[in-house]
Amino acid sequence: MVDNRITLSDENGQEVEMEILLTFDDEEHGVHYVLISSPDPEDDTVLAYRYDEEGNLDPVTDPEGFEMCNQVLNAYLGEVNHG
């Protein structure tokens, strides 16, 4: 990882450089999350992953985790847009 960038492999095995928007913890459940997006301003897709101390990523697929990530993202975007 360089600065706020991370390299992931896409479904075809090609490496894709992504931008880390933010990281946060769910202290109640001891889970670490990272929200990433494409550095391309035309692509507004945000991906949510859980990560461990070794940096292993696991996509968030459960409804509770997805909802938490969505709420944190919306709060973050509200702060960014309203300064």
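Tutor: Start at a turn. In the hairpin of S1 and S2, 5 residues lie between the strands, and Gly13 takes a positive phi near 85 degrees. Strands are DSSP runs of E, at least two residues long, and helices are runs of H or I, at least four; both are numbered from the N terminus.

Student: What kind of model is this, and how are residues numbered?

Tutor: This is a predicted model: local features need pLDDT of at least 70, side-chain atom pairs count only at pLDDT 80 or more, and totals for chains, interfaces and linings use all residues. Numbering runs from 1 along each chain as its sequence is written, and side-chain values use heavy atoms, with hydrogens and water left out.

Student: How many bridges join S1 to S2?

Tutor: First the general idea. Strands of a sheet pair through backbone hydrogen bonds, either parallel or antiparallel. Two strands count as paired if DSSP finds at least two bridges between them. Here 5 bridges join S1 to S2, which run antiparallel. Ser9 has Glu15 in S2 as its bridge partner.

Student: And which glycine sits in the turn between S2 and S3?

Tutor: Gly30, with a positive phi of about 65 degrees; that hairpin has 4 residues between its strands. S2 and S3 run antiparallel, joined by 7 bridges. Glu19 has Ser37 in S3 as its bridge partner.

Student: What is the strand order in the sheet?

Tutor: S1-S2-S3-S4-S5, an open sheet of 5 strands with antiparallel pairing. On average, neighbouring strands are turned by 45 degrees against each other, direction ignored. Axes are lines fitted to C-alpha atoms, for helices over the stretch in contact; angles run from 0 to 180 degrees between N-to-C directions.

Student: Which strands does helix H1 touch?

Tutor: Contact means heavy atoms within 4.5 Å. Helix H1 (residues 63-82) packs on the sheet and touches S2, S3 (31-37) and S4, its direction making about 95 degrees with that of S2.

Student: Take Asp26 in S2 (residues 15-26). Is Asp26 buried or exposed?

Tutor: Buried means under 20% relative accessible area, exposed over 50%, partly exposed in between (1.4 Å probe, protein chains only). Asp26 is buried, and the nearest side chain of opposite charge, Arg50, is 7.3 Å away.

Student: Which side chain makes a polar contact with that of Asp26?

Tutor: The side chain of His29, at 2.8 Å. Not counting residues up to four places away in sequence, Asp26 touches Val31, Tyr33 and Met68. A polar contact is a pair of N or O atoms within 3.5 Å; within protein, one must be able to donate a hydrogen and the other to accept it, and residues adjacent in sequence count only if both atoms are side-chain atoms.

Notes. Lys and Arg count as positive and Asp and Glu as negative; His and the chain ends are not counted. A salt bridge is a side-chain nitrogen of Lys or Arg within 4 Å of a carboxyl oxygen of Asp or Glu.
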